[in-house]
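Could you take a look at this one with me? I've jotted down some notes to read alongside the picture.

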Amino acid sequence: MQTRKKYIFLTFLASWLLLLFFGGDQLRHLAFFSGRKAEARRNWPHWTDRSLLKSFADPEELQRDGDPSLLSPRQRRAAWLSVYGSSRCRMETCFDFSRCERHGFKVFTYPQERGQPISETYGKILSSIERSRYHTLNPEEACLFILSIDTLDRDHLSGQYVRNVDEKIRGFPLWNGGRNHLIFNLYSGTWPSYTGDLGFDIGQAMLAKASFDTESFRPGFDVSIPLFSKDHPQRGGARGWLYHDSVPPKKKYLLVFKGKRYLTGIGSGTRNALHHIHNGKDIISLTTCKHGKDWEKHKDTRCDKDNVDYERFDYQELLHNSTFCIVPRGRRLGSFRFLEALQAACIPVLLSDGWELPFAEAIDWGKAAVMGSERLLLQIPSAVRCIHPERVLAFQQQTQVLWDAYFSSVDKIVHTTLEIIKDRLSPYRSRSRFLWNSLPGGLLVLPDFSTYLGDFPFYYLQHGYSPSKKFTALIRAVSQAGSLSQPILRLIRAVSGSQYCAQIVVLWSCEKPPPPSGKWPQTTVPLTIIQGRRKLSDRFFPFEAIHTDAVLSLNEDTSLSTSEVDFAFLAWRSFPERIVGFPTQSHFWDPEQGRWGYTSKWTNELSIVLTAAAFYHRYYHSLFTEYLPVGLRELVDGLAACEDILMNVLVAAVTKLPPIKVTQRKQHKEVVAQQAECRDGAAGTPPPGQRSPSAPHSAPAEVKGTAGSRRFSQRQDCLNQLADWFGHMPLMSSQLRLDPVLFKDQVSVLRKKYPSLEK
């Protein structure tokens with residue numbers, strides 16, 4: 001009996017244990033177990049439930065469940081279809097490559113319709129394309145087409161919104177469903193969702209769009225561009241704030257933000273939460289509610305204090321004095337703050353989930369920005385504190401590389417967009433990621449020239465390459481046909497006597513044919529005669545006859561000794577990215593006339609090495625001919641003395657470095673400053689019907705004679721036109737001159753390698 005009771009008790013106990021284990025959740029709601037009325041079952045705690053979660057923010061500043069500004073996946077899909085239709089375009093399916101095979105990569109801009117206004121920003125974009133080397137006026141030659149309709153602002157609440165775009169583009173005979181078209185856009189969608197809706201069907205056109213999200217971005221087809229303001233410079237642009245010769249000290253602030261705080265709607269969640277990381281010491285996060293017409297209707301309890309704190313700090317001062325800058329999303333994913341941080345060398349900390357970063361197809365943003373997450377905002381301070389100082393400096397330097405190469409002007413933004421598309425047409429001849437992310441940048445590295453790093457003058461030091469050990473002498477001759485002047489004969493003998501000379505190329509720039517081969521001096525190196533087109537820009541044409549890395553550019557009346565040539569070449573091999581030569585001149589700013597001045601006086605500073613006697617890398621011939629637009633080469637051909645200034649400006653713009661002067665004999669000063677003219681149709685005179693630019697009011701006293709004054713005036717005018725074209729003055733000044741070891745020292749000449757230089 002006792003045993004039976006024991007088994008019954010154990011069975012009853014086991015039953016209750018099973019019931020509690022498997023059904024305890026329901027039993028907890030019974031009044032029998034709780035001792036009170038059953039409570040409704042709780043869902044997962046809401047963010048506003050103060051009884052369960054510790055509050056770090058006021059409930060009204062947090063995103064609400066069911067916020068109408070947050071689209072569901074179905075709504076996002078519908079918005080995507082309204083822009084792109086049912087197609088998922090790729091270059092292989094929506095681009096006609098055959099249009100680019102015959103004439104290469106040419107871009108045609110639609111003629112502007114009468115009475116159709118365009119914004120200032122879109123006018124800059126069209127101007128950048130028309131100034132580029134790819135622009136064509138013939139649509140039959142075009143590979144890519146750009147609409148004249150302003151599509152930058154597609155917010156229908158904006159005053160710059162263009163209506164009825166669908167009807168207009170359907171009437172264009174070249175539209176062809178958008179095939180081979182590129183559409184630029186900075187603002188899409190409107191309140192409250194700010195979707196990617198452009199308000200018209202783009203068909204098979206490519207999009208160059210700011211604030212691109214990764215869901216709608218079509219990799220390898222679209223191009224993500226940065227958001228920039230209407231005040232962004234057309235060309236040139238301000239330089240970055242981190243200079244080459246300055247190592248930034250430890251800055252006052254670690255992390256800063258100053259900007260608008262959205263009280264409601266999309267983008268409000270991230271900016272509302274930024275005040276949590278503010279400590280008032282090395283992390284400054286300031287927001288203001290004062291924006292929009294009805295901000296006071298929505299203001300919360302923090303607004304008054306935030307507005308007061310906001311006015312205590314200057315934005316530019318924060319940029320200058322901070323290591324990291326927070327770049328949160330706004331109403332759209334992109335922000336003006338992104339480019340502002342890049343220029344200031346303030347490392348961007350991105351808080352914009354789903355943003356396709358500008359030019360990410362080419363640019364490695366992991367080397368210049370910190371990728372944050374909106375959901376992990378509170379971890380940002382500790383994350384940036386862990387970054388080693390050496391890596392911080394590398395980040396800052398890379399921001400300057402990218403800013404100067406791709407973002408400092410509208411020209412660079414537009415040209416980068418075109419170059420990325422051009423690279424897709426010939427993947428086997430495109431730029432590598434290394435070229436895009438290293439100095440001097442992808443725009444200045446022509447893949448048509450080479451894809452091998454050792455063929456360019458910029459990468460020798462980084463990769464252990466070295467330029468070729470021989471040079472090619474390129475002599476521009478303008479002598480009378482039938483006879484050779486004594487200076488050119490002496491020059492050929494002196495240059496050919498150099499142990500480093502591989503060949504001599506004579507560019508004959510007269511209308512009459514050159515003398516027969518029997519009248520040219522016998523040399524130990526090959527001598528090639530090339531018939532030029534009688535244009536000054538011809539001397540920088542990339543002739544196939546030039547096989548060496550180094551080019552020694554000479555005028556026929558230049559006087560050099562073999563020792564001078566040898567020493568200059570060895571000096572150039574140490575600085576292959578620069579111009580190294582003998583006769584120098586300099587530029588200066590004239591505050592009285594408000595323009596750039598030019599002087600040939602011997603001073604302690606120099607910024608120009610005349611190409612009458614100078615070494616440089618042959619790649620600059622390709623840049624001069626293929627990178628520079630036709631208008632600049634026409635400017636050179638229209639002036640009698642401008643081509644060497646343009647070459648110096650080009651090299652300085654590429655390298656950000658001055659040229660180098662080497663030891664020369666004093667008699668070079670007057671001889672090489674004058675350039676002989678071909679009497680049978682002078683090279684360098686303006687073509688028929690073309691007017692040469694006017695000269696300044698008065699000629700400098702340092703140049704005597706009418707011809708010298710005219711020549712000097714043209715050089716000054718050339719210098720100012722080039723500064724205007726580039727948007728700034730690229731030339732860099734230097735006080736460096738390279739002399740041989742023991743030069744002018746009071747020691748035996750037997751110990752000197754180049755004793756003839758001192759005679």
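Here are my points on one strand and a few backbone spots.

1. First, a reminder: this is a predicted model, so treat the notes below as a reading of a prediction.

2. Start with strand S13, residues 471-477. This strand is mostly covered, with seven of its seven residues buried.

3. Now see which way the side chains go. In a regular strand, side chains alternate between the two faces of the sheet. In S13, Phe471, Ala473, Ile475 and Ala477 point one way, while Thr472, Leu474 and Arg476 point the other way. Residues on both sides are buried, Arg476 included.

4. Which strands does S13 pair with? One is S14 (residues 501-508), in the parallel sense over seven bridges; there, Ile475 sits opposite Val506. Another is S16 (residues 550-555), also in the parallel sense, over six bridges; here Arg476 has Asn555 as its bridge partner.

5. Next, hop to the loop between helix H15 (433-436) and helix H16 (460-463), where you'll find Pro440. The peptide bond leading from Leu439 into Pro440 is cis, and its omega is near 5°.

6. Asn164 lies in the loop between strand S3 (153-154) and helix H6 (165-170); its phi is near 60°, a positive value in a residue other than glycine. Asn180 is in the loop between H6 and strand S4 (181-185), and has a positive phi of about 60° although it isn't a glycine either.

7. Is Asn180 buried or exposed? Its relative accessible area is 2%, and the cut-off for buried is under 20%, so Asn180 counts as buried.

Technical notes: Residues are numbered from 1 along each chain as its sequence is written. This is a predicted model: local features need pLDDT of at least 70, side-chain atom pairs count only at pLDDT 80 or more; totals for chains, interfaces and linings use all residues. Side-chain values use heavy atoms; hydrogens and water are left out. Buried means under 20% relative accessible area, exposed over 50%, partly exposed in between (1.4 Å probe, protein chains only). Helices (H or I, at least four residues) and strands (E, at least two) are DSSP runs, numbered from the N terminus. Two strands pair if DSSP finds at least two bridges between them.
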